[in-house]
Amino acid sequence: MKKVGLGFAVVLALVLLGGFVLNQLGDVAKTAKAGDCARISGALDSPKYQALDCGSEQANVKIAKVLDWNEKTCPSGGMDYSTYTGESTLCLMPNFVEGGCYGQDTDAGIAKVDCATKDSVKVAKVFTGKADRAACGATRAAVFPEPAITFCLERGDQKQ
């Protein structure tokens, strides 16, 4: 097994950075629903939320759950969700696609990239309906409990 290392840490740190960014987006929660996808851009200076089809190459996040205004936390038991808190809370997870590679993007935080990109992370397998680190065996896992999904990750910039 090759270590995922820095690339994995960079991708997850950028996904989590979305929680800070999304706290500044305004009225997105009024129309957003679980299963919707979006592109977050302007991550550091002027965050923007653009609703997109989940199949879009530009969609970098997916809404996992929408919480009522009085619910304070996203589901636990796996990776931390990025959040948007306004009139309601959006729990966000990465919109990873099996076989896709992801890396750092200065505008969006995380973006789909060519697998040869330095420090890219490849999504080797996606288990929908299963939140189980063991499903990935020796490969690094990113697990989200609701909706249950497990992403098995490996380095994209090295031949396996």
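**Exercise 1. Which charged end sits over the ring of F127, 5.5 Å from its centre?**

Solution. 
- Apply the criterion: a charge sits over a ring if NZ of Lys or CZ of Arg is within 6 Å of the ring centre and within 35 degrees of the ring normal.
- K130 meets it: the charged end of K130 sits over the ring of F127, 5.5 Å from the ring centre.
- Now take K125. The charged end of K125 also sits over the F127 ring, 5.6 Å from the centre.

This is a predicted model: local features need pLDDT of at least 70, side-chain atom pairs count only at pLDDT 80 or more, and totals for chains, interfaces and linings use all residues. Residues are numbered from 1 along each chain as its sequence is written, and side-chain values use heavy atoms, with hydrogens and water left out.

**Exercise 2. Classify the ring pairs that F96 forms with Y102 and with F151.**

Solution. 
- Set the cut-offs. Rings of Phe, Tyr and Trp (its six-membered ring) pair if their centres lie within 6.5 Å; planes under 30 degrees apart count as stacked, over 60 as edge-to-face and the rest as tilted.
- Count the pairs: the structure holds four aromatic pairs.
- Take F96 and Y102. Their centres are 4.6 Å apart and their planes make 40°, a tilted pair.
- Take F96 and F151. The centres are 5.2 Å apart and the planes stand at 80°, so this pair is edge-to-face.
- Locate the second pair. F96 is in the loop between β5 (89–94) and β6 (101–105), while F151 is in strand β10 (residues 148–155). The two are 55 residues apart, and the pair links distant parts of the chain. Strands here are DSSP runs (E, at least two residues), numbered from the N terminus, while helices are H or I runs of at least four.
- Widen the view: F96, Y102 and F151 belong to one aromatic cluster with Y81 and F144.

**Exercise 3. Are F96 and F151 buried or exposed?**

Solution. 
- F96 has a relative accessible area of 9%, so F96 is buried.
- F151 has 1% relative accessibility and counts as buried.
- Y102, the tilted partner of F96, is buried as well.

**Exercise 4. How many disulfides does the structure hold, and what pattern do they follow?**

Solution. 
- Search for pairs of cysteine sulfur atoms within 2.5 Å. The whole structure gives four disulfides.
- Count the bonded cysteines along the chain. The pattern is 1-2, 3-4, 5-6, 7-8.

**Exercise 5. Describe the link of C37 and C54, then those of C74 and C91 and of C136 and C152.**

Solution. 
- C37 and C54: the sulfur atoms are 2.0 Å apart. With 95° about the S-S bond, the link is right-handed. C37 lies in strand β1 (residues 37–41) and C54 in the loop between β2 (48–52) and β3 (61–67), so the pair ties together parts 17 residues apart in sequence. C37 is buried at 2% relative accessibility; C54 is partly exposed at 25%.
- C74 and C91: S to S is 2.1 Å. The angle about the S-S bond is -95°, a left-handed link. Both C74 and C91 are buried.
- C136 and C152: S to S is 1.9 Å. At -85° about the S-S bond, this link is left-handed. C136 sits in the loop between β8 (121–128) and β9 (140–145), C152 in strand β10, 16 residues apart. C136 is buried at 8%, and C152 is buried at 4%.

Conventions:
Buried < 20%, exposed > 50% of the residue type's maximum accessible area, 1.4 Å probe, protein only.
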